[in-house]
Amino acid sequence: MFSDAEWVQIEPLLHLMTRHVQTCRERTGASVEAAVERGYEWPVLAKHKELTGLDASDVGCIERHRLSDHGPPCRECGRLLRMKNSKKCYDCGNLVA
Ligand SMILES: [Zn+2]
């Protein structure tokens, strides 16, 4: 999970990656997969490595790891709720009152 201070370093790179992929697709007609293979995600993955010390391969996973987007820990399993207004824990199914 990324704090807001870390997220401000990642978010612009995610937006830049998306713009590069869109531009590539518009100019070449490439599929999303083909555009992504051009390495536009590399700055995001490098920042992830810099901040966490860990390698990542899935940018989509990084996009879902902003701590402030999640709810509090589940009272049953302790995992963070996926959203602030979650009614149910995605991991254990516990209903949130
Ligand atoms: Zn749970």
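1. Basis. Residue numbers start from 1 along each chain as its sequence is written. As the model is predicted, local features need pLDDT of at least 70 and side-chain atom pairs count only at pLDDT 80 or more, while totals for chains, interfaces and linings use all residues.

2. Geometry. Helix 1 (residues 4–28) and helix 3 (residues 42–52) have axes that come within 9 Å and cross at roughly 165 degrees. Helices here are DSSP runs (H or I, at least four residues), numbered from the N terminus; axes are lines fitted to C-alpha atoms over the stretch in contact, with angles from 0 to 180 degrees between N-to-C directions. The crossing angle therefore makes helix 1 roughly antiparallel to helix 3 (angles over 145 degrees count as such).

3. Contact. Helix 1 contributes E6, Q9, I10, L13, L14, L16 and M17, which meet P43, V44, K47 and L51 of helix 3 (contact: C-beta atoms, placed from the backbone, within 7 Å). The residues of this contact divide into eight nonpolar, one polar and two charged (Ala, Val, Leu, Ile, Met, Phe, Trp, Tyr, Cys and Pro are nonpolar; Asp, Glu, Lys and Arg charged; the others, Gly among them, polar).

4. Burial. In helix 3, V44, K47 and H48 are buried (20 or more other C-beta atoms within 10 Å of the residue's own; exposed means 12 or fewer). They lie on the same side of helix 3 because they cover an arc of only 105 degrees around the axis. Their cover includes helix 1 and helix 4 (59–63).

5. Opposite face and end. W42, A46, K49 and E50 are exposed on the face of helix 3 turned away from its buried side. G53 follows helix 3 and has a positive phi, near 80 degrees.

Definitions and conventions: Helix = DSSP H or I, 4+ residues; strand = E, 2+ residues; numbered from the N terminus. Parallel < 35°, antiparallel > 145°, perpendicular 65-115°, else oblique. Contact = placed C-beta atoms within 7 Å. Arc of directions from axis to C-beta.
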